[in-house]
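Hi,

Here is the structure I promised to pass on. Have a look at it, and then read on for what turned up.

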Amino acid sequence: MMTAVNTDALIAVWQRLLADPRKSWVLFEHGTCVVLTAPAGELAVQAGEILAEFGPVSAGSPAGDFSVIDLKGAEGWVVTGHHNDVLTYVAPDEPHEQSHIAVGLFGRSKRHQDGTELRVVHVEDKRPLADPA
(Lines give C-alpha, C1' and ligand atoms only; values in the text may rest on other atoms or scores of the structure.)
Protein backbone atom coordinates (compact mmCIF):
# COMPACT_ATOMS: atom_id res chain seq x y z
CA MET A 1 0.00 0.00 0.00
CA MET A 2 1.38 3.40 -1.00
CA THR A 3 1.47 6.19 1.55
CA ALA A 4 0.45 9.77 0.83
CA VAL A 5 3.06 11.62 -1.18
CA ASN A 6 4.49 14.93 -0.03
CA THR A 7 5.54 16.53 -3.30
CA ASP A 8 7.52 19.38 -1.69
CA ALA A 9 9.51 16.91 0.41
CA LEU A 10 10.23 14.74 -2.65
CA ILE A 11 11.44 17.77 -4.62
CA ALA A 12 13.71 18.80 -1.73
CA VAL A 13 15.19 15.30 -1.46
CA TRP A 14 15.93 15.10 -5.19
CA GLN A 15 17.42 18.61 -5.20
CA ARG A 16 19.84 17.47 -2.47
CA LEU A 17 20.63 14.18 -4.19
CA LEU A 18 21.04 15.68 -7.67
CA ALA A 19 22.99 18.77 -6.71
CA ASP A 20 24.95 18.90 -10.00
CA PRO A 21 24.04 22.31 -11.48
CA ARG A 22 24.12 20.79 -14.99
CA LYS A 23 21.65 17.92 -14.39
CA SER A 24 18.12 18.35 -15.67
CA TRP A 25 15.54 15.97 -14.24
CA VAL A 26 11.84 15.31 -14.02
CA LEU A 27 10.02 14.05 -10.93
CA PHE A 28 6.89 11.91 -11.08
CA GLU A 29 4.11 11.73 -8.49
CA HIS A 30 5.28 8.68 -6.51
CA GLY A 31 8.97 9.61 -6.25
CA THR A 32 10.49 8.35 -9.49
CA CYS A 33 12.99 10.72 -11.02
CA VAL A 34 14.25 10.59 -14.60
CA VAL A 35 17.65 12.24 -15.04
CA LEU A 36 18.01 13.60 -18.56
CA THR A 37 21.59 13.18 -19.77
CA ALA A 38 20.75 14.77 -23.13
CA PRO A 39 17.86 17.12 -22.35
CA ALA A 40 16.03 18.36 -25.43
CA GLY A 41 12.66 19.90 -26.19
CA GLU A 42 9.91 19.54 -23.61
CA LEU A 43 11.60 17.81 -20.67
CA ALA A 44 8.39 16.39 -19.17
CA VAL A 45 7.57 14.73 -22.50
CA GLN A 46 11.11 13.37 -22.91
CA ALA A 47 11.12 11.97 -19.37
CA GLY A 48 7.62 10.56 -19.79
CA GLU A 49 8.70 8.62 -22.87
CA ILE A 50 11.66 7.14 -20.98
CA LEU A 51 9.55 6.25 -17.95
CA ALA A 52 6.74 4.77 -20.07
CA GLU A 53 9.30 2.37 -21.54
CA PHE A 54 11.46 1.66 -18.48
CA GLY A 55 9.06 2.18 -15.55
CA PRO A 56 6.42 -0.53 -15.78
CA VAL A 57 7.42 -3.86 -14.22
CA SER A 58 7.21 -7.12 -16.15
CA ALA A 59 7.92 -10.18 -14.04
CA GLY A 60 10.78 -12.31 -15.34
CA SER A 61 12.20 -9.52 -17.50
CA PRO A 62 14.90 -6.91 -16.84
CA ALA A 63 12.04 -4.56 -15.88
CA GLY A 64 11.66 -6.56 -12.66
CA ASP A 65 15.29 -6.10 -11.64
CA PHE A 66 16.33 -3.55 -9.03
CA SER A 67 19.19 -2.44 -6.82
CA VAL A 68 18.99 -0.48 -3.58
CA ILE A 69 21.31 2.41 -2.76
CA ASP A 70 21.72 3.53 0.86
CA LEU A 71 21.79 7.32 0.85
CA LYS A 72 24.42 9.51 2.45
CA GLY A 73 22.84 12.91 1.70
CA ALA A 74 19.33 12.10 2.87
CA GLU A 75 17.38 9.54 4.87
CA GLY A 76 15.95 6.67 2.91
CA TRP A 77 17.03 4.83 -0.22
CA VAL A 78 17.13 5.11 -3.98
CA VAL A 79 15.95 2.11 -5.95
CA THR A 80 17.36 1.66 -9.44
CA GLY A 81 16.06 -0.45 -12.29
CA HIS A 82 17.08 -1.45 -15.78
CA HIS A 83 17.66 2.14 -16.97
CA ASN A 84 20.53 3.98 -15.26
CA ASP A 85 18.72 7.32 -15.28
CA VAL A 86 15.41 6.15 -13.77
CA LEU A 87 15.62 6.33 -9.97
CA THR A 88 12.96 5.99 -7.30
CA TYR A 89 13.19 7.46 -3.81
CA VAL A 90 11.88 5.43 -0.87
CA ALA A 91 11.51 7.30 2.43
CA PRO A 92 12.42 5.53 5.68
CA ASP A 93 8.78 5.43 6.84
CA GLU A 94 7.39 3.87 3.63
CA PRO A 95 8.28 0.18 3.59
CA HIS A 96 6.91 -2.05 6.35
CA GLU A 97 10.36 -3.56 6.72
CA GLN A 98 13.75 -1.97 6.01
CA SER A 99 15.58 -4.91 4.45
CA HIS A 100 17.01 -4.27 0.99
CA ILE A 101 14.56 -6.73 -0.56
CA ALA A 102 11.53 -5.01 1.05
CA VAL A 103 12.82 -1.54 0.12
CA GLY A 104 13.62 -2.68 -3.42
CA LEU A 105 10.22 -4.25 -3.98
CA PHE A 106 8.51 -1.16 -2.58
CA GLY A 107 10.57 1.17 -4.81
CA ARG A 108 9.95 -1.04 -7.83
CA SER A 109 6.20 -0.84 -7.20
CA LYS A 110 6.43 2.96 -6.98
CA ARG A 111 8.37 3.02 -10.28
CA HIS A 112 5.70 0.83 -11.87
CA GLN A 113 2.95 3.14 -10.66
CA ASP A 114 4.80 6.20 -11.96
CA GLY A 115 5.57 4.43 -15.24
CA THR A 116 1.92 3.63 -15.86
CA GLU A 117 0.32 6.85 -14.55
CA LEU A 118 3.02 9.28 -15.85
CA ARG A 119 2.00 12.23 -13.65
CA VAL A 120 4.80 14.82 -13.61
CA VAL A 121 5.00 16.92 -10.44
CA HIS A 122 8.26 18.81 -11.03
CA VAL A 123 10.70 19.67 -13.82
CA GLU A 124 14.22 20.79 -12.97
CA ASP A 125 15.54 22.39 -16.17
CA LYS A 126 19.28 23.03 -15.82
CA ARG A 127 19.99 23.68 -19.49
CA PRO A 128 22.00 26.83 -20.08
CA LEU A 129 19.94 29.77 -21.24
CA ALA A 130 20.40 30.59 -24.90
CA ASP A 131 22.34 33.77 -25.67
CA PRO A 132 19.92 36.45 -26.90
CA ALA A 133 22.04 37.30 -29.98
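Charges first: the protein chain carries 18 negative side chains and 10 positive ones, and the centres of the two sets are 4 Å apart. Bear in mind that this is a predicted model.

Glu124 sits in strand S6, which covers residues 120–124. Is Glu124 buried or exposed? Its relative accessibility is 13%, and since buried means under 20%, Glu124 counts as buried. As for partners, the Glu124 side chain makes a polar contact with the side chain of Gln15, at 3.3 Å. Leaving out residues up to four places away in sequence, Glu124 touches Lys23, Ser24, Trp25 and Leu43 as well as Gln15.

Now the fold as a whole. The protein chain has 6 strands and 3 helices, and along the sequence they come in the order α-β-β-α-β-β-β-α-β. If you take the contacts between residues at least 6 apart in sequence, 55% of them join residues at least 24 apart.

On overall dimensions, the radius of gyration is 15 Å, which agrees with the value near 14 Å that a compact globule of 133 residues would have. Along the principal axes, the C-alpha atoms fill a box of roughly 55 × 30 × 25 Å.

Last, the surface: 42% of the 133 residues count as buried. The accessible surface of the chain comes to about 7,300 Å², with 54% of that belonging to carbon and sulfur atoms.

Cheers

How values were computed: Residues numbered from 1 in each chain as written. Predicted model: local features only at pLDDT ≥ 70, side-chain atom pairs only at ≥ 80, totals over all residues. Heavy atoms only, no water. Helix = DSSP H or I, 4+ residues; strand = E, 2+ residues; numbered from the N terminus. Rg over C-alpha atoms; globule rule 2.2 N^0.38 Å. Buried < 20%, exposed > 50% of the residue type's maximum accessible area, 1.4 Å probe, protein only. Contact = heavy atoms within 4.5 Å. Areas by Shrake-Rupley, 256 points an atom, 1.4 Å probe, with all protein chains shown as cover. Lys, Arg positive; Asp, Glu negative; His and termini not counted. Charge placed at Lys NZ, Arg CZ, Asp CG, Glu CD. Polar contact = N/O pair within 3.5 Å; in protein donor to acceptor, adjacent residues only side chain to side chain.
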